[in-house]
Structure formats: structure tokens, C-alpha cells
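Visitor: I'd like to learn how to read charged pairs in a protein model. Could you walk me through one?

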Amino acid sequence: MPKQVDREARRREVVDALFRVAVRDGLQRASLRAVADEARLNIGSVRHYFAGQEELMRFAMRSMLDRVGDRLQRRIDELGDLEGLPGPRIRGFAVELLSELLPLDDSRRAEVTVLVDFSTAARTDPTLGGLAHETAVATRALVRRILTRLGSAGGLRPGLCVETETERLTSLLDGLAFTAVLRPEVLDAPTCATVLRAHLDDLGPAGG
């Protein structure tokens, strides 16, 4: 058992090194050699834990998605019962949740930066397509779940189509995240949060 724990810990160290290289130089430059140098390991050690760059990249993306998913699930579990709360406060909780998907601080900026590079790479690399598709589906499922919960708690206008609003909100989140990472001089973190809040408030019932 101790050997297994050590192996997983070392794999996480290598993944953390890949993230640092990807954020600094771009995912396309995160070769096994570059990641090994960043982790201060010899390349043979990295190959001991990962058969190649594709396995390393997939493990890194899976680790990041699991980390974000676990963080969001904890936040959702902390919300408790929203029934009876004022609409603006209910939507405020939704803003806090969905903000986990936006580059509003250094940690989230690093995650979104890697995701942007990964999504770009997956467009032309069929070996990454499945995980990229899973990511897109999971994001929509999360947004749909949050909107459904908002609606049941009275935080949304009656009669809204949840499927349509899921696509609108997901597209907004993608646009904010990609622009804030690729053109931070055009779109900063406070503006991302303001736009997200404005969109959710527009979905609220009149007068509430």
C-alpha cells in the first residue's frame, strides 16, 4: 500500500509540473522533457509513471476535471435548502458556483488556461476528443442542474426553457473564460463576475 500511495503522489507532482509548464509556455510545449525538467526529475522517472505525453496529458486533464468537479460538488452540498430565500440571494449563490469555472484568481486562471489549450489540441487530435466531449457534456449538466435548482427555489422567471437557458449560459461562460485567458487586457476578472451576475439577474422574475 505505501508504494501505491507514493506512486500516486509522484504522478500528481508530475501533473502539477505539467500545469506550470502549460500556463507559462503553452500546452503544446509541455513535452515529457520539459515536464521532467520542471519537476526536477530525469525523463526516465517520468516515463516510469507515464508511458508517453498522451497518457500524461489525459491524466492531467482528468485530474483537473475531478478537482474542479469535487470543488463544485462541495459548494453545492454547502448550499442546503434555498427555499424561501430572496431571489437575488439565490442567484448570488449561483454566481458563486459558476464563478468556479471562470479565471477569477491565479488558481482558476491556471485551470482555465490549460483547458483552453486542451480544447484547442482536441480539435485536431482524436485521442483527446473523447475527454473533450465529456468535459463539454459535464459542464452543461452542471449548468442545467444549477438552473433547475434556481427555478425550483423561485429564482428564475416562470416559463423559461431550461435547455435553451443551459446552452445560453454555457456559451456565456465559455466566452468569458476563453476571452479572459486569451485577452486579459480586454476582459478582467471583475468584469467577468459582473457579466455573469447580470445574466443571471436577467433570468429572474420581474421585481425579484
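**Salt bridges, step by step**

Guide: Let's start with a group: a network of salt bridges links R20, R24, D25 and E38. This is a predicted model, where local features need pLDDT of at least 70 and side-chain atom pairs count only at pLDDT 80 or more, while totals for chains, interfaces and linings use all residues. Residues are numbered from 1 along each chain as its sequence is written, and side-chain values use heavy atoms, leaving out hydrogens and water.

Visitor: What is a salt bridge?

Guide: Side chains of opposite charge can pair when their charged atoms come close. Here the term means a side-chain nitrogen of Lys or Arg within 4 Å of a carboxyl oxygen of Asp or Glu.

Visitor: How many salt bridges does a search of the whole structure find?

Guide: It finds 16. One of them joins E167 and R140, at 3.0 Å, N to O. E167 sits in helix 8 (residues 162-182) and R140 in helix 7 (residues 126-152), so this pair ties together parts 27 residues apart in sequence. Helices are DSSP runs of H or I, at least four residues, numbered from the N terminus.

Visitor: Is R108 buried or exposed?

Guide: Buried means under 20% relative accessible area, exposed over 50%, and partly exposed in between (1.4 Å probe, protein chains only). R108 has 14% relative accessibility, so R108 counts as buried. Its salt-bridge partner D105, at 2.9 Å, N to O, is partly exposed at 33%.

Terms used: Helix = DSSP H or I, 4+ residues; strand = E, 2+ residues; numbered from the N terminus.
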